[in-house]
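We will go stop by stop, picking residues as we go.

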Number of protein chains: 2
Amino acid sequence: MKKLINDPADVVKEGLQGIAAAHADRVRVMTDPNVIVRADAPVQGKVGLVSGGGSGHEPMHGGFVGMGMLDAACPGEVFTSPTPDQMLAATKAVDGGAGVLHIVKNYTGDVLNFEMAADLARDEKIEVEAVVIDDDVAVQDSLYTAGRRGVGTTVLAEKICGAAAEQRRSLAEVAGLCRKVNANGRSMGMALTSCIVPAAGNPTFELGPAEMEIGIGIHGEPGRERRQMAPAREVVEMLATPIVEDLPFRSGDRVLAFVNSMGGTPLIELYVLYNDLRKFLAARGIEPVRTLIGPYITSLEMQGCSITLLKLDEELTALWDAPVDTPGLRWGA
Amino acid sequence: MKKLINDPADVVKEGLQGIAAAHADRVRVMTDPNVIVRADAPVQGKVGLVSGGGSGHEPMHGGFVGMGMLDAACPGEVFTSPTPDQMLAATKAVDGGAGVLHIVKNYTGDVLNFEMAADLARDEKIEVEAVVIDDDVAVQDSLYTAGRRGVGTTVLAEKICGAAAEQRRSLAEVAGLCRKVNANGRSMGMALTSCIVPAAGNPTFELGPAEMEIGIGIHGEPGRERRQMAPAREVVEMLATPIVEDLPFRSGDRVLAFVNSMGGTPLIELYVLYNDLRKFLAARGIEPVRTLIGPYITSLEMQGCSITLLKLDEELTALWDAPVDTPGLRWGA
């Protein structure tokens, strides 16, 4: 296992110490239990936004804590749900009196633990709403999921809801907006290689030297099919066709096009993919008016990509464009 | 070769088309010869900043074109110097009457071609200065270099000089500042795996399953030594010790600490490395007051990292903090 780590058991802890030290101007890291919190939390009168999930998907979620996005993130062990006590601690740390929204990716462990944490927080008189993101069109149920998995749309929901919370919209409004983002976002991913979970030390799955997995999950869960390697333009077709057909996206739609690296794919390949994606969309009359291209929801060093399309309207576009100041996403601030 | 590309011969061209389409608000792409230009170039009365080099290091340089950083970037073929006609076209496109600075990484082809382009531009009455970045402490001469290689400090020089140019400082001042950044920046890198140049189809070099290369160049050029895998804290010592001793950095120095992924190393590992680096620095009384952590000067999908330290003073710190609005680096704008 070739990794730039010390003891595999310490990767999450030491990564958090690194984040805390590198970004002390924007975040602080609580330990026991582990929570990354916005430095100025709780912001009085603002809805608090909490997300979380297994580690290994950085910058999601810890890199998205800061002004205009999350108030706290709960990092679990690698590819393992955080615990309810982390989520409760996060909820209490960010409650500024306007309630707290939990943005939850649809994996069985995450959903159950966030439900438990919400109940515990309500016992302490904190108003909590939860929205489950389930945007992955690849498979209906999967290894860790009842229903669809939550993937790339989560990043977009965190940004957009974060901007709405900064405007001091109510918990009901921010939660409604989160459901709207989820309803209008669709994703699908693929892998060229597996990643290696540090504690396991071996690849999560095996792929032949000329094979790729279409519809992969962000923990290496099986996708729709294993295929022979194909050119980028065919990979884009394999991912974007089910995405577009599912919503469906229609001619005249304006979208945010998000081309994401699974962690090990270089940026130049993401631009090659985007070049094919914009042609694919143009042929269908769909206009990408905003883009996000880079590694934002990753699977350690896995090579591969995912595509997310979010149908935009004026409200979502304005919230996307609003200032954000986090370690992983930053503009206008 | 597992890559998300179409024809290997078209990677650079299609990547540029992707960049042009994704970031049309900030850049335009000229072809024949290939140049990425700031959308509003030339900016009248502002020194124009031009850099360039082989492709495969993205986001450097094309991703750093925009307000507060470069005015143009010349992308060569993968790991191949751009040509003088690209550099001349870029220089002419960004000349706003205040002269043009060429920021050149120290590789033989780049240096010769930028010299030729500067001569041609001067023939056309454009004032040109060039600064060569040679910050890599790993080796004195190497496969493509007389003297030290130019690596991570280039990113910092482009940001800092870009901010100074926005303040309408003169060509002599911006060039002097670039020399100052180079004089105060030191870097060293390492690799866990090779990358594969698309046109070659095979790994640039071979590393055993438990080996790493210390002092690697960004094209996979040999480094100082091949060693057995070691924990992150030891890797940090191997890189940071020669960096600190070279300048030398001293107790009381305030630095920008830049932990860079070679392309295939996940972000969580960079934070583990940064955690060890800050301890290394603390033990020597060196204070990291700014950080940059992520994939900024890469070698395709190579796994590995580099560390750059830049000694800061008030002037450099303020210019680093100034607004920047490029596809690859963006804040405060």
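Begin with the salt bridges: the structure holds 50 of them over all chains. A salt bridge here is a side-chain nitrogen of Lys or Arg within 4 Å of a carboxyl oxygen of Asp or Glu. Side chains of opposite charge can pair when their charged atoms come close. This is a predicted model, where local features need pLDDT of at least 70, side-chain atom pairs count only at pLDDT 80 or more, and totals for chains, interfaces and linings use all residues. Residues are numbered from 1 along each chain as its sequence is written, chains are lettered from A and ligands numbered from 1 in the order in which they are written, and side-chain values use heavy atoms, with hydrogens and water left out.

**Stop 1: one pair in chain A**

Select A:Asp136 and A:Arg149. They form a salt bridge, with the closest N and O atoms 3.0 Å apart. Both residues sit in the loop between strand E6 (128-133) and H4 of chain A, 13 residues apart. Helices (H or I, at least four residues) and strands (E, at least two) are DSSP runs, numbered from the N terminus.

**Stop 2: two domains**

Colour 10-183 of chain A as domain 1 and 185-321 as domain 2. These bounds come from an automatic or database domain assignment. The domain centres, taken over C-alpha atoms, are 23 Å apart.

Now look at where they touch. In chain A, 37 residues of domain 1 are in contact with 36 residues of domain 2; contact means heavy atoms within 4.5 Å. The two domains of chain A bury about 3,000 Å² between them, 65% of it on carbon and sulfur atoms. Buried area is the accessible area (1.4 Å probe) that two parts lose on being put together, summed over both. Select A:Phe79, A:Val137 and A:Leu156. They supply 20% of the area that domain 1 of chain A buries against domain 2 of chain A, more than any other three residues.

How many salt bridges are there between domain 1 and domain 2 of chain A? The count is 4. Next, select A:Glu315 and A:Lys180: their salt bridge has its closest N and O atoms 2.5 Å apart. Helix H4 (153-166) and helix H5 (171-184) of chain A each supply at least two residues of the domain 1 side. H4(A) gives the most to that side, with 7 residues.

**Stop 3: chain A against chain B**

Show both chains. Here 59 residues of chain A are in contact with 59 residues of chain B. The two chains bury about 4,600 Å² between them, 62% of it on carbon and sulfur atoms. Select A:Lys2, A:Leu4 and A:Ile268. They supply 20% of the area that chain A buries against chain B, more than any other three residues.

Across this interface the rule finds 4 salt bridges. Pick B:Glu14 and A:Arg233, whose side chains meet in a salt bridge (3.9 Å, N to O). Several elements of chain A give two or more residues to the side that touches chain B, among them helix H1 (11-22), helix H7 (267-283) and strand E12 (304-311). H7(A) gives the most, with 11 residues.

**Stop 4: the axis**

Finally, superpose the chains. Chain A can be laid on chain B with an RMSD of 0.0 Å by a turn of 180 degrees and a shift of 0.0 Å along the axis. That is the relation of a two-fold axis.

Methods:
Least-squares fit on C-alpha atoms with pLDDT ≥ 70 in both.
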